[in-house]
Amino acid sequence: MPDYLLDFRDRLGLPGIIDVHTHFMPDSVMQKVWAYFDSAGPLVGRTWPIAYRADEQVRLKTLRGFGVRAFTSLVYPHKPEMAAWLNEWTAEFAERTPDCLHTATFFPEPSAAQYVRTAVERGARVFKVHLQVGRFDPRDPLLDPVWGLLEDAAIPVVIHCGSGPVPGEYTGPGPITAVLQRFPRLRLIVAHMGMPDYSDFLDLAEQYADLRLDTTMAWTDFTESQTPFPTAELPRLRDAGDRILFGSDFPNIPYPYEHSIQVLEQLDLGDDWLRRVCYQNAADLFAIT
């Protein structure tokens, strides 16, 4: 474990870190994702070196070596008839990886309600939705039974609905706000603090008691150079401390893992805020003891 992370945990008295935004995928899919980043594809928009490119077992050892006690295997389809297959893989991955929160996903298609129900029955604890990559409208009627099921089951959904790193047709606060108006108890976790629409998503967190945000890539040097967080919002960020969850985007980050924690400390929002964000909020949400 890097000295900084060990010292950070010791100083705050944390049993570990819970990272709600990590990616483990079938190898064929992960290789395609890495190739897309390598090519600086249109959804990336800039050079983006992968800091932790390695085989699955090495990545697991590395993540645990950072003191991460629980994490996710976020997957996301970019076309129909892909989500159910991904859910099969994540279910098997969760079975052989007990510190991974069983993750699942979905896409607007006629079979979505059935395979989401199947994933829930098999023990899925968190879902992932990527509106930018999937290029679909979260208001699609095919998703109504899915949102309703997840709302009733109180299962969190990590959702990339902000417009970073580049806008999509259905990104930004508008489309997902319409979903929340119909399903106000959805436990959405807005990825990347909703960047670059930080203020709008903090507004939503104030309006909807079950909406949360994750810190993934926010405040890092890589992000601040293009989409800086507005310093005027720091008081609201402090007040929302019980709704912020730590996320890293491991392994697909272009800087050392510990930088994701260092930048949170540099916000100077207090040790209690850090304890909640880096561990306790997620521990409470996912009943991790």
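In which loop does Glu 81 lie? In this predicted model, Glu 81 is placed in the loop between strand E2 (68-72) and helix H4 (83-96). The phi angle of Glu 81 is near 60°, which is a positive value in a residue other than glycine. Because its relative accessibility is 76%, and residues over 50% are classed as exposed, Glu 81 counts as exposed.

A positive phi is also found at Met 217, where the angle is about 70° although the residue is not a glycine. Met 217 belongs to the loop between strand E8 (212-214) and helix H10 (221-224). With a relative accessible area of 3%, Met 217 is buried, whereas Glu 81 counts as exposed.

The elements named above belong to a protein chain with 13 helices and nine strands. Along its principal axes, the C-alpha trace spans about 50 × 40 × 40 Å. Of the 289 residues, 59% count as buried, and among contacts between residues at least 6 apart in sequence, 76% join residues that are at least 24 apart. The protein chain exposes about 11,500 Å², of which carbon and sulfur atoms supply 50%. As for charge, the mean positions of the 26 positive and 39 negative charges are 3 Å apart.

Strand E6 (residues 157-160) contains His 160, and this residue counts as buried because its relative accessibility is 5%, where under 20% is the limit for that class. The side chain of His 160 makes a polar contact with the side chain of His 130, at 3.4 Å. When residues up to four places away in sequence are not counted, the residues touched by His 160 include Lys 128, Val 129, His 130, Leu 131 and Gln 132, as well as Pro 165, Ala 191 and His 192.

Pro 165, one of the residues touched by His 160, is found in the loop between E6 and helix H8 (173-182). The peptide bond that leads from Gly 164 to Pro 165 is cis, with omega near 0°. A cis peptide bond, again with omega near 0°, runs from Met 195 to Pro 196, and Pro 196 is found in the loop between strand E7 (188-190) and helix H9 (198-207).

Definitions and conventions
Residues numbered from 1 in each chain as written. Predicted model: local features only at pLDDT ≥ 70, side-chain atom pairs only at ≥ 80, totals over all residues. Heavy atoms only, no water. Helix = DSSP H or I, 4+ residues; strand = E, 2+ residues; numbered from the N terminus. Buried < 20%, exposed > 50% of the residue type's maximum accessible area, 1.4 Å probe, protein only. Contact = heavy atoms within 4.5 Å. Areas by Shrake-Rupley, 256 points an atom, 1.4 Å probe, with all protein chains shown as cover. Lys, Arg positive; Asp, Glu negative; His and termini not counted. Charge placed at Lys NZ, Arg CZ, Asp CG, Glu CD. Polar contact = N/O pair within 3.5 Å; in protein donor to acceptor, adjacent residues only side chain to side chain.
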